[in-house]
Amino acid sequence: MRLVIFSHKPCWPCATSPTGYATDGGFPFQMKALSELFDTAVLLVPCLAANPAAAETPLTGNHLAIVPLSWPPGKGVGRKLLFPFWLLRNSPEILSHLWKADAVHAPIPGDVGTIGMLGAVLLRKPLFVRYCGNWLKPRTRAEKFWHWFMERFAGGRNVMLATGGATAPPSDRNPQVRWIFSTSLTEQDLSEYAACRRGAKPHWGRLITVARQEQGKRTDLVIKSLALLKQEFPEVRLEVVGDGTELESLAALASSLGLRDRVVFHGKTNHRRVMELLQSADIFCFPSASEGFPKAVLEALACGLPVVASPVSVLPLLLKDGAGVLISEPTPEAVAFAVQSVLSSPEKYAAHSARALAVASGFSLEHWQREIAAALQIAWGQPLKTDSLALKTSAVPLVCP
């Protein structure tokens, strides 16, 4: 069976990659897992001329081929206006692979994924859409369109999964839209990182946050909380991992509060470095205003880090049994109080840490792969390459394990 994937994820040439291309984040791990379910997987993605940053992961997989599309010109409104010209330029490759596809996968949000999604419906191809944004809070017209499309076409041979989790299904209009979690950690990773969390010393107060640093992540609250924590935890410090438009203002904030020596900005790093930084920390702070399924939180839990977070999206389910603490309100005082609660005693910290490891163990990449394979096999009525998978016959779960 031949799966064709349409994605907007930026990729670039890589001499050491078996496919000739690389990218960053969790995307390459998930593409590898999906490719293992099919005889052939073809990924159509816009490609840059070179790696724009130091971090990269080779794109690999089972008979995975990369079809580079030209880079869409412009940004914001300009990109939208010029997109029809980009589509016309790349239409030979797009149409050719759509026609040859046995099934189509479209990760969205994204304009390229939208083209694959619409093309699959027009050509009556089995379709698998994975909504990777914040399903619960659609704001733009595009997000509302994607919601409408998934609710309209979910069912039959169309598998529609929304990244996230809750006690209720994603849609009250169509129960065929189902939740799916997101991860890039294999079972081997979970075992390795859990073993590295021995001998934590919570009285040091080493805090960390990992995200694209934008205003909605509220990293400023964590920085401000340091001023409240430093008296009880004289060695308290914060590691900020990730790039973004707020980095400069966050650095200025730390300096204005006299905390610049307590805040380290690492920028964008590769996956291995992120995990190393998590392993050396004591608490993961994530007072985000809005989320889908934050993989960084799962990575922190996998390292045995208790999590201090806001009660958004799937976070209440992940932390409900003691893997961390939910803040009562988005203030520096609330963050500081939660950190103090976690670090109040070695015994309490150890209990939080043990629960964090237990929660993370249910969210491996293999589990993610099995859940998707089960949903596709039920919908498409065709056997996938599942010889090594212990597939479940039930639908994708609506709540976190």
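Figure 1. A search of the whole structure, which is a predicted model, turns up eleven aromatic pairs. Here, rings of Phe, Tyr and Trp (its six-membered ring) pair if their centres lie within 6.5 Å; planes under 30 degrees apart count as stacked, over 60 as edge-to-face and the rest as tilted. The ring centres of Phe-145 and Phe-149 are 6.1 Å apart and their planes stand at 50 degrees, so this pair is tilted. Both residues belong to helix 4 (residues 141–153), where being four residues apart separates them by about one helical turn. Helices (H or I, at least four residues) are DSSP runs, numbered from the N terminus. An α-helix has 3.6 residues a turn, so residues three or four places apart point the same way. Phe-145 counts as partly exposed at 32% relative accessibility, while Phe-149, at 2%, counts as buried. For these words, buried means under 20% relative accessible area, exposed over 50%, and partly exposed in between (1.4 Å probe, protein chains only).

Figure 2. Trp-148 and Phe-153 form an edge-to-face pair, with 6.3 Å from centre to centre and 90 degrees between the planes. Trp-148 is partly exposed, at 44% relative accessible area, and Phe-153 is partly exposed too, at 22%. Ring pairs link Phe-145, Trp-148, Phe-149 and Phe-153 into a cluster. Now look for Arg-152: it lies over the face of Phe-153, 4.8 Å from the ring centre. A charge sits over a ring if NZ of Lys or CZ of Arg is within 6 Å of the ring centre and within 35 degrees of the ring normal.

**Figure 3. Helix 1 and its buried residues.** Seven of the nine residues of helix 1 (residues 27–35) are buried, so this helix is largely enclosed by the rest of the structure. Those buried are Phe-27, Pro-28, Gln-30, Met-31, Ala-33, Leu-34 and Ser-35.

**Figure 4. Where helix 9 crosses helix 12.** The axes of helix 9 (residues 295–302) and helix 12 (residues 346–360) come within 7 Å and cross at roughly 125 degrees. That makes helix 9 oblique to helix 12; angles under 35 degrees count as roughly parallel, over 145 as roughly antiparallel, 65 to 115 as roughly perpendicular and the rest as oblique. Leu-298, Leu-301 and Ala-302 in helix 9 meet Ala-356, Leu-357, Val-359 and Ala-360 in helix 12, with contact meaning heavy atoms within 4.5 Å.

**Notes for all views.** Residues are numbered from 1 along each chain as its sequence is written, and side-chain values use heavy atoms, leaving out hydrogens and water. In this predicted model, local features need pLDDT of at least 70 and side-chain atom pairs count only at pLDDT 80 or more, whereas totals for chains, interfaces and linings use all residues.

Methods: Helix = DSSP H or I, 4+ residues; strand = E, 2+ residues; numbered from the N terminus. Axes fitted to C-alpha atoms, helices over the stretch in contact; angles between N-to-C directions.
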